[in-house]
Structure formats: structure tokens, C-alpha cells
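Hello,

Here is the structure I promised to pass on to you. Have a look at it first, and then read on for what turned up.

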Amino acid sequence: MTYDIKEIFDLMDSPTKEDIELLTRAYTFASEAHKDHKRFSGEPYFTHLFETAKNLAGIKMGAVTISAGLLHDCIEDVGIKPEDLQKEFGDEILFLVNGVTKLGKLKYRGAERYAASLQKLFVSMSQDIRVLIIKLADRLHNMRTLEFVRPEKQVRIASETLEIFAPLAYRLGIRRLSCELEDLSFKYVYSKEAKMVQELLKQKSKENMPTLEKFVRSLKKTLAREQMTNIHTDYRLKGLYSTFRKLKKHNNDIEKIYDFLALRVFAETVADCYKILGIIHGVWRPLPGRIKDYIALPKPNGYQSLHTTVFTGDGGIVEIQIRTEEMHLNAEYGIASHISYKEQKGESNSKDAQVSWFRQFLPKTIPFVSASDNHKSCVINDDIPTWMKDLVEQQARAQAPNGIDEDVKADFFALRMFIFTPKGDVVDLPIDSTPIDFAYAIHSDIGNHTAGAKVNGRMVSLDTKLKNGEIVEIITKNSAKPSSKWLDMTKTNMAKKHIRSFVEEGNTKATKIMKPTKIFHFKSKDKKK
Ligand code: MN
């Protein structure tokens, strides 16, 4: 099989000579490093790296990020030494590859209600948003080839994608990624519903297409009469998963969903957008409550457009989205479009790369804490979503040495923390929980036989207070059992309940009846140790 590196260049916006040189080196290095490495599908592993790189090029990332995409699995999967990668490609690419490797160890098996907090954790652990974007590009290719993975694993990966990665892509404003990630995982997590929605969309768009086409002709004529000829139009079909969510909101009544097929009108300037809206409303009656001005009031992820829904006059209803080309690029690529601009300017080679990278997103009023501060490199970018600015601000203040950012504790983390199993499964616990709480949160059997615990690889006493982000391993023994002293050493009601019933009811009989805890699902091999 051959992989033509030109496919990557073609997706990029005019790559420079240096870009091409770097990418060619990364391409050669990765194909050499993974040459005996195969995927589940039997394909060469390099396919995955090549496709990940193409996904990155497709959302207009720069050469550095795309190269890191080609190299993202070489430390973890084929044992390339970090020193060697650093010698070959420098600090910045090593930093990105390490970041992706670290994120790969986090696995979500949790309850939906904590997904938002876990999203934050992913962001804060990424340190540099490019790490997260590489992870998203990697996940997109894995989702496209999920059919080759074992069925149980398919559902776990797809739910993780649906709960964590697709919403993150959405929050970064990268519609290109969020929509495809959603629809791919939807098919695995809710396969019956996905088929149903797909059929429904197919049928409805076939029904509505003639109305839309007729409307476009008459709209163009109307706009031409007002000298508005410098426009073009296309349409988009709503994603499967977002249609599904909307259907649920409207008791499965498709007639209540007006935007499964939406007309897009592209204008040259913002003033033209409003003018077009005015002309449309002068001719076609708008549906009340459906006029939205996301230009003056952008969505939290930065999305801008004017939306309206009108009666076409022949019994049809059409949603129209009016925007400039620039707004469209932002909607499709989101934050990615800002980053590639930065990379192109070649400002990212300093040792401080990740710090200065964040710097450009910071609001003007925040002073930098870093000693090697250089205000010249501080470019303020006002197009960045607020939530991202907030997070970036926290990042800059904390600059936590261990990768996990202390300040993200702000809301949720003041009360809860995430503890990891050695395999990267996440358990969330209240602050001040101990290894005993952790053991019971995994399984009551593990709790009841806890003999010792390791935190980040070192033995600790059972009353040690755990901290956010720590990796905890429970050592069990058949002879070990709870004592009433454990009641003072635990924080969660779940642990206390199990301990009490064990101590009171006296021994063996209690152990067997306990059910697994409700939130986290562990495979049987996780249970013994
Ligand atoms: Mn990968």
C-alpha cells in the first residue's frame, strides 16, 4: 500500500518549503518506526498515522501539529525513545506527542453526569490545545474504523466519543469534527435509533428538496433585483445525532423540526448579511420566535450567523442561515483556524512554546507569572470562546508542575476529584477520600479485601488522603477484612455502609451479596490483583 504525502500537502493552505521538509521527515520517520506494526483490520499501522495527519491538515492545522500527528503513537506503541524523538524533531513536537500519549491513558467509563467535568480535565491535561486537537483527529480515524474492534470495546469507545470528545470538538467550535464524531458514535451507542433517524432524514430531505430548490431560484431573483448578486448558496443536512436530540425534545415529531434541511446564504460583508435578512423578511413571512442573530450575539463556542425560518408561500417552510465566508470558516474549523495562523508565522520554536502559545489567547488584563516574560509575543485574540479564555487564564496562573492544573478545581473540583486505576479508568470521589473509598467505589469485594494501596506506584497507609489525578492501585488479600476503625478512615457513604454491614452482621455472609457499584464498569480482570 502506498501513501502519497502530497495528499497532506494538498489539504494544507500553501505549505512553505520548511513545512514540506518537516512533514517529509516526520512521514519517513513514522513509516520506518511502524513498518512491522499492524492494526486490528490487518492494515499497516501507518494508515492510522497518515489518516490522522490528513484529518489535521483538513482542519487547517500547521506543519508542526500535522507532524506530531504522524508521530503520535511512536513512543507508546513501538517504543521510540523520547530522547531520540527530541533529537530528531525538537522540544515542541516531543511535547505534543507526550501530551497525546498521556491523554490516551485516560479512559472514560463513567456516568454521563460527570462528563462535563471530565471534559475540563481533558482540556487541562492537554496543556496545549493542539494536543487535544491531535487527539480528536486520532479519535476520528479510530471511529471511522471502529468496525474492526471487538463489540464490547466498540460501545465503550463510542460512548466516550459521544460524551467527551464530540462535545469538546463542539466547544472548540470545530463543527467538521464534532458532527462526524457524533454521527459515527451514535451508530454504535444507539444503533436502532440511528437507523430510524437516518431513514427519516433521507425521506424528509427527498420530500423537501424540490421546495428548497424552487425557493433558492426565487430568492436569487429577489436579491438580484436589489443589486445583491455577489452571493452564493448551498444547503446542509442536519447531523443524525443532533436530529435525534431534537426529536427527543419534540416528542419524536419531525414536523416540529424545521432545520433538518437548511439553506445557507454566503454574503461578502456583515452589512450584507443584515440587508439580505431584511429583503427576505420583506417578501416571505418569517415564523415567529425563529429569528436568531448570532452575529451580534455569537454562541458560546464562537458560532456566528443569522438564522430565520420562513414560509415559502406554497406550503413549505425553509430555514435560512446567512453568514460571511469568514464566519463559515470559523464555524467549520473553530479554534483550529486561529492556531494554524500562528504556526504559519513560525513563532512556535522557542522552548517556551506552550506557554507563549497560550499567551496569545489571554485577556489583556491578566499579568503573566512566568519569569521569562516577553510581552511582545502577546497577541490578544478576541475571537476565542470565553470558556477557553477562562481555562487558559487558569492554566497560566497555575503552571502546575505535575500536569494537572490546580486551579481547575474552581467549581466541581472543590468538591470532587478524579482518581485513576493503573489502567487509566477514572473514578470520581469526594475530596479527602482514601484508598478504602476508592476500593469500595470499584467493587465491594475489593473494598472488603483491601490489604494495602499504592499511590503513583508507592505504598501508602490506608488512611492517606488522595489527591486529584493520582493513580491508585489496591492490593487485596483473601484474609483481609474491614474493621470498625475503617469507618473513621472513609469519606463516602458507600464505603461506610459496606463497612458497617460487614462489621455488624459479622463477616463472610455479607461479602457475597454486595452488588457492584453503579457507576463504573470494570472487567473481571480488573478485580483481582
Ligand atoms: Mn492513535
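Predicted model: local features only at pLDDT ≥ 70, side-chain atom pairs only at ≥ 80, totals over all residues.

Let me start with strand E2, which is largely enclosed by the rest of the structure because 7 of its 7 residues are buried. Buried here means under 20% relative accessible area, with exposed over 50% and partly exposed in between (1.4 Å probe, protein chains only). Helices (H or I, at least four residues) and strands (E, at least two) are DSSP runs, numbered from the N terminus.

Residues are numbered from 1 along each chain as its sequence is written, and side-chain values use heavy atoms, with hydrogens and water left out.

Now the sheet around E2. It is an open sheet of 5 strands with mixed pairing, in the order E1-E2-E5-E4-E3; two strands pair if DSSP finds at least two bridges between them. At the edges are E1 (232–237) and E3 (292–293), each with a single partner strand, so one side of each has no neighbour in the sheet. E2 pairs with E1 in the antiparallel sense over 6 bridges, and Arg236 has Ala262 of E2 as its bridge partner. With E5, the pairing of E2 is parallel, again over 6 bridges, and there Ala267 is partnered by Thr324. E4 (residues 306–311) and E5 (residues 317–324) are antiparallel, with 6 bridges; Phe311 and Ile317 are bridge partners. Helix H12 (residues 270–283) lies across E2, E3, E4 and E5, at about 160 degrees to E5. Angles run from 0 to 180 degrees between N-to-C directions, and axes are lines fitted to C-alpha atoms, for helices over the stretch in contact. Contact means heavy atoms within 4.5 Å.

There is a second open sheet, of 3 strands in the order E9-E8-E10, with antiparallel pairing. Its edge strands, E9 (458–460) and E10 (472–476), each pair on one side only. From one strand to the next, the twist averages 35 degrees. E8 (residues 450–455) is joined to E10 by 5 bridges, and Thr450 stands opposite Thr476. Helix H17 (residues 435–442) packs on this sheet, touching E8, E9 and E10, and its direction makes about 80 degrees with that of E10. H17 is mostly covered, with 8 of its 8 residues buried.

The manganese ion has His48 (NE2), His72 (NE2), Asp73 (OD) and Asp138 (OD) as protein donors, at 2.1 to 2.4 Å. Donors are N, O and S atoms within 2.8 Å of the metal (3.2 Å for Na, K and Ca); water is not among the atoms, so sites may look incomplete. The donor spacing in sequence is H-x23-H-D-x64-D. His48 is in helix H3 (residues 46–58) and Asp138 in helix H7 (residues 129–144), so the pair ties together parts 90 residues apart in sequence. His48 counts as buried at 1% relative accessibility, and Asp138 does too at 5%.

Enjoy looking through it!

Best wishes
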